Amino acid sequence: MKQTQEIKSFFYSQYFADGIRITIGCIIPVIIFAAMGQFINGTFVSLGALLVGLSDTPGAPSHRRTGMYFAGILTIITFILTVSVNSNIYLLTILIAALCFIFAMFAVFNARAANVGLMCMLMMLIHVDTPFTLYSALTYLFYYTIGCLWYIIISLSITQIRPYRLTQQELAESIRHVADYLRLKANFYDINVDNDKNYLKLIEKQVEVNDHQENVRNLLFQSKRSIKDTTKTGRYLTFVFNDIIDLFEQSMATHYDYNAVSEKFGHTGILNEFKHIILKLTNELDHIAYQLNANRIPTPMYNFDQEINLMHKRIDQVEKDLQYNTIALRKILINVRDIIRHINDIYSYSHLKSTEVNKQEIDEAKKFIEPSIIDFKKIRENLTLDSTYFRHALRMAIVMSLSYFVAKSFHISQNIFWILLTIMVILKPGFGLTKSRNIQRLMGTIIGGLIGAFILFIVHDETIRFVLLIFFFLSAYSLFRVNYIVAVIFMTPYVLIMLSFVSTNTIEVTKERIFDTFIGGMIAFLSSYVIFPNWESTQVKVSMQKLLTASYHYIALTIKEIAGNEPTVTEYKLVRKKLYVETANMGSTFQRMLTEPKNKQKYTKDVNKFVIFNHVLASFAVTLHNQVTSSRANHSITKEHVKLIRRILSSLESAIKDLSNPNEENIFTPVDFQIPESLIAVDEIGDDNSNLMTEQLQFINKIAADIAKLVQQLKEKTSAESGDLMLNKKVQ
């Protein structure tokens, strides 16, 4: 049943919808023009639809529309420039270098612009060494432009007909990843699980959660329809998303040291019961995601009231039989109940009327998204070797132009396109991603080539081949953002079958494609190692500082709240979002570090500890905020609590300053709030909640002190290494 639902979810998903849209845009023109006896012209139309379609990534309708227009215009300009110098190897080499540098620098703007740049590079590569007369070039551009406009019409028509469909699909995907995150959290209640390894999995999953949440924000809050629409659909999706964010925060909350609680309560079996309830909650989230994807009104699967009541009795029984202080278990149960409340709220929104919608969340939504204005100052600011984008653009320009020149001069390949295409696709800003893409591309091409050759060997009917071509095309473009290697496996047979309609020697083409892919992959891999390499260890301190700053400001909200200067809901959520984003960025940086060569992985163990410590700190910080809110309402904040919070902030401040570059302007400003004595309890309170909060703050203080100590050690190591380098230079 579960597997069936997952399969159905894929067919309802945005990935499959993207594949269908691109397939319709590319295949229908070929069929129509082939029926008219103009198959070649049909392929020109199809190419226009393909390049614009590949640039049409998820986002606000206005951004998608702008991206498609620019993709069409810039690819046409690229074609004109390329065919103008095709007859001169030297001019073409210079043009390849210039265009590759310019289009690679598009990444400084945003991911959509980077994608448009890639499509322009692809347009250039397709027409390298392809001669055109003026008439044939104009004819080509005419049909290519038709293809661009054809796809734009399809895409915008679907958006008009189903304006919220893409948001539904991305929101459903976001909920699925939150469910996966919660499953990993459930593992902490299993005494047989290695908590440190589980933390690393958790951090990896949080990177994915953050990516999808950012996509939902862009789709929801950059859409004028979502903001102005008076119907309930856009508001409903916004409310569901807000609750999923709050639920995700609740799932992050940690009230204790997992190792300590496992040691204390593991033998009672009650932790496994908690794990069972949490796993049922993840099934409920998967169900909500599936129903959203299927465009249905979600209805509850479980009623958790009975299980919550049973857990209450089990906790009472443990407390009675073993005479344990079970306040930690009760806090876990409260946390689970809060997650259930958010799930129930999501179900209740399906009955929401447009008159019941509060506009505050919508009106302030723009504050939660990054501006996507194309600012050309970013290009100028990144024209330095300190910029990852600049180094990548230089590497791309050098490698692509030299590879073309050498391959043409020494006749290395009959079709230089495959080598250059492989380099373009595989070569990424970071070594780790280049390495993984290289392996995936090569394996996918070999497996796909064998599948394609087998099909061509046994299937001779052109109709069946064309049906298989559509299947492979649809599968490939549905899976590119899901599983790259599988997408390449499907893409290779599609290319070979397509070539079989215009060439008879397909086995030779298969061999050549695999050989060229291998050459291109090796060039991309080696160049990422030797040409302006980008090692994460040289930039990790920046990510660490940003994360600590975000953690500092999040915890500082508690001091602000205790001082009576309670932040607004929007202010709190913006600080919380910053913490989530920087936590995900740090996790992503660490993942990339682990894929680099061993001799380039500096301070990996220290960064590993830092990542785990900060995830623990973030989890306890969420709990701390909730505790302070309730304790302040009950007037149970003590001087000891305030003192511990200030110590935590002091440790984080020290760590941030140690990570700061003395040559750069210090952008960090410590928070200092004077707290009136009247807002703090005069006597120390000895109830369970106050004692638990004291224990939590002591643990957070220990974590913050450990982070500060770790950063100090890292600073000393880097200083010593810098001193050794300076000494070696003097000796030389």
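**Exercises: salt bridges and a buried isoleucine**

Arginine 576 counts as buried, with a relative accessibility of 3% (buried is under 20% relative accessible area, exposed over 50%, partly exposed in between, using a 1.4 Å probe and protein chains only). Keep that residue in mind for Exercise 1.

This is a predicted model, where local features need pLDDT of at least 70, side-chain atom pairs count only at pLDDT 80 or more, and totals for chains, interfaces and linings use all residues. Residues are numbered from 1 along each chain as its sequence is written, and side-chain values use heavy atoms, with hydrogens and water left out.

**Exercise 1.** Find the salt-bridge partner of arginine 576 and work out which helices the pair links.

*Step 1.* Start with the criterion: a side-chain nitrogen of Lys or Arg within 4 Å of a carboxyl oxygen of Asp or Glu. Searching the whole structure this way turns up 26 salt bridges.

*Step 2.* Arginine 576 pairs with aspartate 246, at 2.8 Å from N to O.

*Step 3.* Aspartate 246 sits in helix α11 (residues 232–252) and arginine 576 in helix α25 (residues 569–594), so this bridge links distant parts of the chain, 330 residues apart (helices are DSSP runs of H or I, at least four residues, and strands are runs of E, at least two, numbered from the N terminus).

**Exercise 2.** Contrast the sequence spacing in the bridges glutamate 319–arginine 330 and glutamate 653–lysine 657.

*Step 1.* Glutamate 319 and arginine 330 meet at 2.6 Å, N to O. Glutamate 319 belongs to helix α14 (residues 305–322) and arginine 330 to helix α15 (residues 327–348), so the bridge ties together parts eleven residues apart in sequence.

*Step 2.* On accessibility, glutamate 319 is partly exposed at 32%, and arginine 330 is partly exposed at 24%.

*Step 3.* Glutamate 653 and lysine 657 meet at 3.0 Å, N to O. Both are in helix α27 (residues 639–659), and because they are four residues apart, about one helical turn separates them. Lysine 657 is partly exposed at 45%.

**Exercise 3.** Describe the surroundings of isoleucine 270.

*Step 1.* List contacts (heavy atoms within 4.5 Å). Skipping neighbours within four places in sequence, isoleucine 270 touches Phe265, Met311, Arg314, Ile315, Val318 and Leu329.

*Step 2.* Pick one: arginine 314 is 44 residues away along the chain, yet the two C-alpha atoms are separated by 7.4 Å.
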